[in-house]
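Here are my notes on this one, in numbered points. Have the viewer open while you read.

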Amino acid sequence: MDSSEKEDPKKSAGAFRAVIHLYVEMTLGSRFLFACALALLAVSLLMYLAFAIAVGKLVDGAIGNHLELDSTEGWMATWGINQWALFLFALVLVNMISSFFETCWFQLIGERAAVELRTQLFDRLMYLPMGFFSMNRAGDLASRVLADVGLLQEGWINDVRNGLSYIAMGLGSVTMLFVISPSLAVFVFLIGFPVIAVSIWFGRKIGADSKRVQDKLGQTSVISEEAIHGIHRVKTFTNEDYENRKFRAALSEYLSLAKRVAINRAGLFSGILFILMSSSVFLMWYGSLQVQQGKLSPGDFTSFMFFLGFLGNAGGLLAQLTGRVHRMTGAAQRVCDLLNEKPEKFTGENTPTERMTGDIEFCDVSFSYPGRAQLSVLNNINLHLKAGECVAIVGPSGAGKSTLTALMFRLFEPSQGILKIDGRNAEEHSLKWLRQQMAMVPQETLLFGGTLEENISYGRPGASRKEIIKAARQANAMEFIERLPDNLDTPAGDRGTQFSGGQRQRIAIARAILRDPAVLVLDEATSSLDTENERLVRDALEGLIQKRTTLVIAHRLSTVRRADKIIVMKEGRIVEQGSHDELYAANGFYRHLCDEQQCLTEDQ
Ligand code: ATP
């Protein structure tokens with residue numbers, strides 16, 4: 001292991017604290033059930049201890065030794081082997097009943113805790129700023145919500161519960177060992193130290209590797225998820241083999257790391273097993289000697305060996321746990337990192353009820369995407385969109401048109417300069433209110449898994465069916481929806497891939513119409529439509545544009561000629577602005593774009 005791979009003790013202590021903190025949080029909701037389950041766990045443990053003592057009594061009873069060395073007093077002193085056997089059976093029965101409830105309750109608490117944690121994580125994810133999503137891959141985030149929480153849940157149900165019971169069992173057994181024979185117990189203690197030392201040494205080694213195994217697995221899940229989501233792209237580029245190779249390479253890295261963890265873990269278990277077995281031979285010899293000399297009854301020696309078995313079992317299982325605890329700390333650290341991410345200033349704010357007038361002003365705004373600070377995407381933008389105006393933005397691909405609209409929605413904050421909305425710095429407005437007053441019809445619309453009605457009502461949750469149909473009609477979407485057997489109740493399918501690009505775009509337009517925003521952004525909104533449908537949708541949009549500030553992004557310049565103002569962007573700067581006629585006459589970059597598209601020869 002190179003130095004860079006070594007675990008920072010401060011970091012692992014932090015991760016461990018994170019696990020404890022998470023588990024405490026996860027348990028708080030089920031305090032009562034947890035207390036009951038713990039009480040039953042204690043009952044189970046007492047049953048085990050009583051069992052070991054009773055077996056000793058049974059043995060002493062069988063060889064008639066209890067009269068000399070047996071310490072049983074009261075009515076139990078007269079018990080023969082039948083009574084002790086019955087007592088043992090009663091213990092087994094009680095143990096079974098308490099184990100049933102205790103296991104069931106711990107399982108339930110774990111499930112509830114995982115549901116709570118997943119809800120918290122998803123809630124936090126929804127409110128994180130766009131910059132976070134630019135820098136984290138969707139597959140990795142989904143794996144935190146599902147796989148990492150799954151690991152923590154498993155840890156909670158099995159490892160925490162087992163850890164508690166092993167510790168209690170270990171302590172109870174140690175006490176009983178000293179009560180029965182202090183000299184034998186001291187011997188046990190002496191051999192206990194090497195076992196602990198070996199487990200700590202191996203546990204550390206396994207922990208560091210396990211975290212890397214977990215990270216590697218996360219990477220493979222990102223690759224598979226991206227390939228499956230983009231299966232259309234994979235197939236059209238015949239890149240099946242390329243994706244396979246990428247996935248196989250990631251898996252083989254995972255496998256070699258996992259092999260190392262497996263070897264270390266096997267070394268840990270076999271080492272402990274060897275120490276335990278070889279020392280138990282010596283112990284049997286020494287204990288038999290004590291029985292022979294009359295210092296210990298055979299029954300007490302039997303009980304001693306039972307307790308030793310319990311202790312060895314608890315110790316071995318605790319050592320196994322250390323490896324898993326390290327895996328859990330990795331998962332807990334990632335979950336905590338996500339929970340500690342700073343959300344947008346969104347939740348809990350009071351949302352004003354008045355309508356935005358739609359006056360938007362960019363004052364010397366420059367912007368770079370988070371993670372690409374050196375690359376300035378927008379440079380000193382000065383732009384005023386007056387309320388009710390329809391402004392078009394044109395320019396080559398990558399000029400920064402979509403980025404400009406992203407700033408209007410405050411998906412990102414300007415790196416420099418001020419964005420003013422209704423005359424005030426956008427930061428002073430409630431973020432929720434600001435976004436509620438805006439709507440966007442994006443270049444590419446993805447539908448989600450619900451019905452078409454649900455997809456349209458996403459624009460204004462709670463809208464009536466009548467309003468939804470009206471919006472769909474205005475967007476010219478009803479014409480294809482009515483031809484479907486289930487009409488608006490047709491499921492959109494996986495991301496809406498069962499619908500054409502143009503149909504999805506009309507659904508997105510219907511969503512925007514339903515929202516009735518003060519500011520509307522049309523980002524290439526009619527790009528997927530044929531000429532006939534584009535004309536119909538444009539008519540609908542024209543009605544929509546009348547009552548609000550509209551920003552239209554278009555590559556086809558013929559579609560923006562009726563805008564009040566055209567902004568021409570190039571390499572993150574506004575290079576020209578004015579009406580179509582002014583810009584055309586100026587014979588600049590806009591004229592060059594127009595000529596390139598031969599828009600005039602087509603339209604005039
Ligand atoms: P198009 O007409 O092709 O949609 P555009 O003019 O809308 O292009 P933008 O999408 O705003 O251009 O992109 C402007 C620049 O910002 C591009 O260089 C792009 O690579 C970069 N960019 C866009 N989104 C991100 C992001 N999330 N993170 C980092 N860089 C980005």
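1. Burial terms to begin with: buried means under 20% relative accessible area, exposed means over 50%, and partly exposed is in between, with a 1.4 Å probe and protein chains only. By that scale R334 counts as buried at 14% relative accessibility, while D215 is partly exposed at 27%.

2. A word on provenance. This is a predicted model, where local features need pLDDT of at least 70 and side-chain atom pairs count only at pLDDT 80 or more, although totals for chains, interfaces and linings use all residues. Residues are numbered from 1 along each chain as its sequence is written, and side-chain values use heavy atoms, with hydrogens and water left out.

3. Now the ligand. Its shell has 14 residues, the closest being S397, G398, K401, S402 and T403; a residue gets in if one of its heavy atoms lies within 4 Å of the molecule. The shell splits into 4 nonpolar, 8 polar and 2 charged residues.

4. Which atoms reach the oxygen atoms of the ligand? A polar side-chain atom of S397 lies 2.5 Å from a ligand oxygen, and an N or O atom in the side chain of T403 is 2.5 Å from one. A399 uses a polar backbone atom, at 3.1 Å from a ligand oxygen. The protein buries 70% of the 630 Å² that the ligand exposes when taken alone; areas are Shrake-Rupley with a 1.4 Å probe, and for residues only the protein chains shown count as cover.

5. Look next at helix α11 (residues 401-408), which gives the largest share of the ligand shell, 3 residues. Helices (H or I, at least four residues) and strands (E, at least two) are DSSP runs, numbered from the N terminus. Because 7 of its 8 residues are buried, α11 is largely enclosed by the rest of the structure; K401, T403 and L404 are among the buried ones. Just after α11, R410 takes a positive phi of about 55°.

6. Y369 sits in the loop between β1 (360-367) and β2 (378-385) and is partly exposed at 25% relative accessibility. Its C-alpha is 9.2 Å from that of T403, 34 residues apart along the chain.

7. How many salt bridges does the structure hold? There are 16, each a side-chain nitrogen of Lys or Arg within 4 Å of a carboxyl oxygen of Asp or Glu. D215 and R334 make one at 2.5 Å, N to O. That pair links distant parts of the chain, with D215 in helix α7 (residues 182-229) and R334 in helix α10 (residues 298-340), 119 residues apart. D148 joins D215 and R334 in a network of salt bridges. Elsewhere, K235 meets E240 at 3.8 Å, and R460 meets E467 at 3.4 Å.

8. Finally, the surface. F89, L93, M96, I97, F100 and F101 form a nonpolar patch with about 630 Å² of accessible area together. Patch members have over 30% relative accessible area and no salt bridge; like charges are joined within 9 Å, and nonpolar side chains (Val, Leu, Ile, Met, Phe, Trp, Tyr) within 5 Å. M96 belongs to helix α4 (residues 81-126) and is exposed, at 51% relative accessible area.

Conventions:
A polar contact is a pair of N or O atoms within 3.5 Å; within protein, one must be able to donate a hydrogen and the other to accept it, and residues adjacent in sequence count only if both atoms are side-chain atoms. Ala, Val, Leu, Ile, Met, Phe, Trp, Tyr, Cys and Pro count as nonpolar, Asp, Glu, Lys and Arg as charged, and the others, Gly among them, as polar.
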